[in-house]
Amino acid sequence: MKKFVLAYNPVSGNATFKKRLDEIIEVFQRRKILLIPYRTRAAENSDFAECVKESGAEGILSAGGDGTLHLVVNLMMKNKIDLPVGIIGSGTSNDFATYLKIDGGEDYFDVIAEGITRPADLGLANDKEYFINVACAGVFTAVAHEANTKLKNIFGKRAYYFRGISELPKFKSVRLEIIADGQSFGEDAFLFLVLNGSAVAGFKKILESAEIDDGKLDFVAVKKSGPGLLVPLMKNIFSGKAVDENPGILHIRARNFEIKSSENLVGDLDGESGDPLPLKIETIPQALRFFAR
């Protein structure tokens, strides 16, 4: 029987995953996989690597949202754990799972049991923190962190949308200086994203062309513009339309980025607070394998 570590966040999303624990254990036991539950903590998970290595696990399942996956990925990379990763989405936002078309149903459990994986790049910010899906800064960074827990638990992903719409009249642009694979760019922008996949904050497809295994990341900045350009752009994003070629977008694909601003901007990595700018980002090609078709 195979052994997998199940790293679960007891408070992710609406905090109901722990009520499904027995169900999930049974689902995998039927597939000849023994789960070893590991309860993540907000501040201290120093025993995670020991748990994985001593258990003889052949894979890791991350149960929670993007923040839980971010934690698991960093624990794996920093402890040199090379195992395939499965995602059981139970957070407010599960963007990377959305990109991989993981629905958490019986078919996906079969994918895990059959060992079907695909490689994925990672981003490394300031040589110390990995991200699997997105690094960003600007107005939506504040939106994501300021949307209170009660609002998110009631409305889920829509909490980000409601807060974002309310912030539209307050948008303030900042000057960004970007070096991408040695080439310099300058832009006045409202916010920027460095994407691995194409889904972020519940929006399913920001970019049509994003790939998680091409050895590069996609820089996307919303340019400073008036309502005539900005409102249609935001409508497209909210409705799930890709904006690769939109004139209101600066889109750069590269392996390495350096992003600076004269404004006091704090970065965000997979929905978790990061370092203030300047931000140095490097692509780590095909760093991990994920259970997915």
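Me: What makes Lys 280 and Asp 127 a salt bridge in this predicted model?
Reply: Their closest N and O atoms are 3.6 Å apart. The cut-off is 4 Å between a Lys or Arg side-chain nitrogen and an Asp or Glu carboxyl oxygen, so the pair counts.

Me: Which parts does the pair of Lys 280 and Asp 127 tie together?
Reply: Lys 280 lies in strand β15, and Asp 127 in the loop between β5 and β6, so the pair ties together parts that are 153 residues apart in sequence.

Me: Why is Asp 127 called exposed?
Reply: Its relative accessibility is 51%. Exposed means over 50%, so Asp 127 qualifies.

Me: And why is Lys 280 called partly exposed?
Reply: Lys 280 has a relative accessible area of 41%.

Me: What makes Arg 253 and Asp 218 a salt bridge?
Reply: Their closest N and O atoms are 2.9 Å apart. The limit is 4 Å, so this pair counts. Arg 253 sits in strand β11 and Asp 218 in strand β10, 35 residues apart.

Me: Asp 218: buried or exposed, and how do you know?
Reply: Buried. Its relative accessible area is 0%, and the cut-off is under 20%, so Asp 218 is buried. In β10, 6 of the 7 residues are buried.

Me: How do you know that β10 and β11 pair?
Reply: They share 6 bridges, in the antiparallel sense. At least two are needed, so they pair.

Definitions and conventions: Residues are numbered from 1 along each chain as its sequence is written. This is a predicted model: local features need pLDDT of at least 70, side-chain atom pairs count only at pLDDT 80 or more; totals for chains, interfaces and linings use all residues. Side-chain values use heavy atoms; hydrogens and water are left out. Buried means under 20% relative accessible area, exposed over 50%, partly exposed in between (1.4 Å probe, protein chains only). Helices (H or I, at least four residues) and strands (E, at least two) are DSSP runs, numbered from the N terminus.
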